[in-house]
Amino acid sequence: MLKNLLEEKRCFKLICGAGNENEAEVEKLVALYASAGCKFFDLSAKENIVDCAKRALAYSGVTDAELCVSVGIKGDPHVSKAVIDYEKCIQCGHCESVCPQGAIKYAKVKKLKCIGCGKCSKVCPKNAVSYISEDKDLSEVIPPLAERGISCIEFHVIGEDTPELEQKWKYLNENFDGILSISINRMKLSGEEMVSRIKKMTENREPYSTIIQADGFPMSGGADDYKSTLQAVATAELIQNEKLPVYILLSGGTNSKSKELAKLCGININGVAVGSYARNIVRKYIERDDFLTNKEIFSQAKQIAQTLVRACS
Ligand code: SF4
Ligand code: SF4
């Protein structure tokens, strides 16, 4: 059970990417990290993606993993996709070279691969990249996923549309019995605003039925150092200080140092969710077409994944 995983305070969650709709990549990531000991997977809220994660778990022989799907409000980068304005674009290729998902080819964005990480717009010399969030109707999205046995829904709440936030949160509270996770950071909210949003959202929830995912810098994981994970730990500290009956996971810039840094700082977390860093360290393996059939390659990647899972759990 997900609650047990969280209460043991050794929960490692693999973030495949809220916007990652690349079936082949998700299947390989879930198969690999399940084999490496991960029991909790965060997926895009799409039926085909949940189905391919389940296929991957069967491939790995893992029967007790927990699946989470991610939804969000407009403006949250986790549920946004890059769009290029061709009136401004000069086809310089800078965006393609920095995209961690291989989602840009010849200045065209492959929507299914884009995870909204924001790296392309940062390097664009012509300010030609913007982001759009799909406005999903949760009453259509959630029921088929709940039928597939997901145990958690993550709600990304970085955006300014408070009515949308309230309406979607109400729907999730009234229609999903599993654990709800609130992914929040201080990119657009002050520390005070963040805490106030969390308190308001959790005031009527059963104790310990909510995860607060303390997101440092979303999708920024790269280096395996303390600095990259510092903001996630600092965000977790603000949440811990409130002594709310919630579980706390670190995310956003997380890596193999995250759990250690939290411990050094006296932050009592229930686990670590790792996305960009976990995907990057095995990217050269999972990009291979024979990844799932070449035992030697799979085994090399598994050793790398295991090192991360152990460091975080
Ligand atoms: S760099 Fe990030 S936001 Fe831009 S296309 Fe690639 S995945 Fe999407
Ligand atoms: S970086 Fe900007 S200008 Fe260059 S190819 Fe990408 S969108 Fe076009």
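This is a predicted model: local features need pLDDT of at least 70, side-chain atom pairs count only at pLDDT 80 or more; totals for chains, interfaces and linings use all residues.
1. Asp-64 is partly exposed, its relative accessible area being 44%.

2. Asp-64 pairs with Lys-39 through a salt bridge between their side chains, at 3.1 Å from N to O. Lys-39 sits in the loop between α2 and β2, while Asp-64 sits in the loop between α3 and β3 (66-72), so the bridge ties together parts 25 residues apart in sequence. Lys-39 is also partly exposed, with a relative accessible area of 27%.

3. A salt bridge also joins the side chains of Glu-21 and Lys-46, at 3.6 Å from N to O. Glu-21 belongs to the loop between β1 and α2 (23-35) and Lys-46 to the loop between β2 and α3 (47-60), so this pair ties together parts that are 25 residues apart in sequence. Glu-21 counts as buried because its relative accessibility is 11%, under the 20% cut-off. Lys-46, at 24% relative accessibility, counts as partly exposed.

4. Lys-13 and Asp-42 form a salt bridge through their side chains, at 3.1 Å from N to O. This bridge links distant parts of the chain: Lys-13 is in strand β1 (residues 11-15) and Asp-42 is in strand β2 (residues 40-44), 29 residues apart. Both Lys-13 and Asp-42 are buried.

5. Lys-13 and Asp-42 also belong to one network with Glu-154, joined by salt bridges that share partners.

6. For the whole structure, the search finds 16 salt bridges. Among them are the pairs Lys-39 with Asp-64, Glu-21 with Lys-46 and Lys-13 with Asp-42.

How values were computed. Residues are numbered from 1 along each chain as its sequence is written. Chains are lettered from A and ligands numbered from 1 in the order in which they are written. Side-chain values use heavy atoms; hydrogens and water are left out. A salt bridge is a side-chain nitrogen of Lys or Arg within 4 Å of a carboxyl oxygen of Asp or Glu. Helices (H or I, at least four residues) and strands (E, at least two) are DSSP runs, numbered from the N terminus. Buried means under 20% relative accessible area, exposed over 50%, partly exposed in between (1.4 Å probe, protein chains only).
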